[in-house]
Amino acid sequence: MDRTDADKKAEKLKRPGMVGGGTAEDTGAERQTAAAPGEKAGEGAPAMMEEVLRRENLMAAYKRVVRNRGAGGVDGRSVDDLKHQIRTDWPRIREQLLSATYVPSPVRKVEIPKPGGGGVRMLGIPTVMDRMIQQALQQVLTLTFDPTFSEDSYGFRPGRSAHQAVSRGKEHVEAGHRWVVDLDLAKFFDRVNHDVLMSRVARRVKDKRVLRVIGRYLRAGIMEDGVVSPRTEGTPQGGPLSPLLSNVLLDDLDKELERRGHRFVRYADDFQVYVKSKAAGERVMASLERFLEKRLRLKVNREKSAVDRPWKRKFLGYRTFLGYRPTEDPKPKLQPAPESVKRLKRKLKALLRRGRGWSIDRTIAELNPILRGWGHYYRLADVDGVFADLDKWIRRRLRLLLWRQWKQPRTRVKELRKRGLNPSRATTSAYNGRGPWWNAGAQHMNRAVPISTFSQRGLVSLLRQHRRLMRAS
């Protein structure tokens, strides 16, 4: 991208920026980029720190942090405490940032389960003050870096989305590139090499005070059970800087793929390269693995990486396939990946298990936000069979809930008769000796609790929502 194009893109970017994660401690690599005491940004260097600390930029950062809420850091202060902390501490913190003497607090370690039950993901939660400072940095750094990023990079960038990335991948398959190199970076956010990352940041950031505070955020200690441990690698998710820094590092990968003329899509550390043959894919896989390990010092998880057909892999929760009659309609189509459907079912089953004593109305009220969000994310699906099957499964789970709540056979007889079954049919059904799941799918429960019952109580239908979104798009 030439400089003129980059400048035009920079003018279009909005200042408030985005959200992500990161953190810091002093090392030799950091000291190489630090300004001497009293020195500002270095001779001829732009005063980026002054731009970071500009009132309008700080106000935008403050509003973003307050809007995002989130848990407190190691100091125990919440977002509600931030305004008071600014009034009492900000003059001192501002002076420390200007003089390159500010030292961030350690981050608080939090582990959350990965989707699909594949282990845990480590988060590093900064204090709310550090979140505001990181957000202010991120907003200014985005204006510097984002115009230089690849057109095929979609993650954590203004005006770009996961849906755009999925649609771009579908375009590559439609163009005949029907083999995919699906590379998984092993614990990417935990293993980012600080020296490699800071060298990429320093290519465009000349204010040494900014470089120093970024380095300190990267190397901030991490607190677990009251004990602070130093960190020598990684940029844990949990603060606003982490997603941008991951894009800065992986931009080298994007530029290498562009140089080679490959078709690819990247969303943060999820990326796929599209080729026309398995042999080409295996060559690309081998060369990219060497590039990542040598240039960026990143490890590829070989067990989760593969060269395969797109319909056998998933990307951002979607699967691309050739339809049910590929000879008649060869255009690729999108649908929720089977793993995504299983993950939703696990989440709903856990909620229903917790709510066995809830009324049906409360249960539906708890389900609906999850169903709306899931259906909205998968609105790009070209087929609706998955949504119809899920609707049927959800209704059966709700009938199961009712059957269990009725408990005793005599109560079941009463409830079935109340819902229109004749006494003989109600008695036979209530005393059939079958298990709850079988009964939830049996004809007597479908007649006693029909689809209209759930519709009248406001249960979101994934199928109807999907068709409505398809008509609106």
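1. Helix H7 supplies the largest share of the lining of the largest cavity, 4 residues. The volume of this cavity is about 100 Å³. Its lining comprises 15 residues, of which Gln272, Tyr274, Phe315, Tyr318 and Thr320 are the closest to the centre. Two or more lining residues come from each of helix H7 (162-174), strand S7 (270-275) and strand S9 (318-321). A cavity is a set of points on a 1 Å grid over the protein atoms alone where a 1.4 Å probe fits but cannot get out, and lining residues have an atom within 4 Å of a point. Helices (H or I, at least four residues) and strands (E, at least two) are DSSP runs, numbered from the N terminus. The volume is the space filled by probe spheres set on the points, which are joined across faces, edges and corners.

2. This is a predicted model: local features need pLDDT of at least 70, side-chain atom pairs count only at pLDDT 80 or more, and totals for chains, interfaces and linings use all residues. Residues are numbered from 1 along each chain as its sequence is written, and side-chain values use heavy atoms, with hydrogens and water left out.

3. Just after H16, Gly420 has a positive phi of about 110°.

4. Asp391 lies in helix H15 (residues 385-406). Leaving aside neighbours within four places in sequence, Asp391 is in contact (heavy atoms within 4.5 Å) with Val460, Ser461, Leu462 and Leu463.

Key. On a 1 Å grid over the protein atoms alone, a cavity is a set of points where a 1.4 Å probe fits but cannot get out, and a pocket is an open set with protein on both sides within 12 Å along at least five of seven lines; lining residues have an atom within 4 Å of a point.
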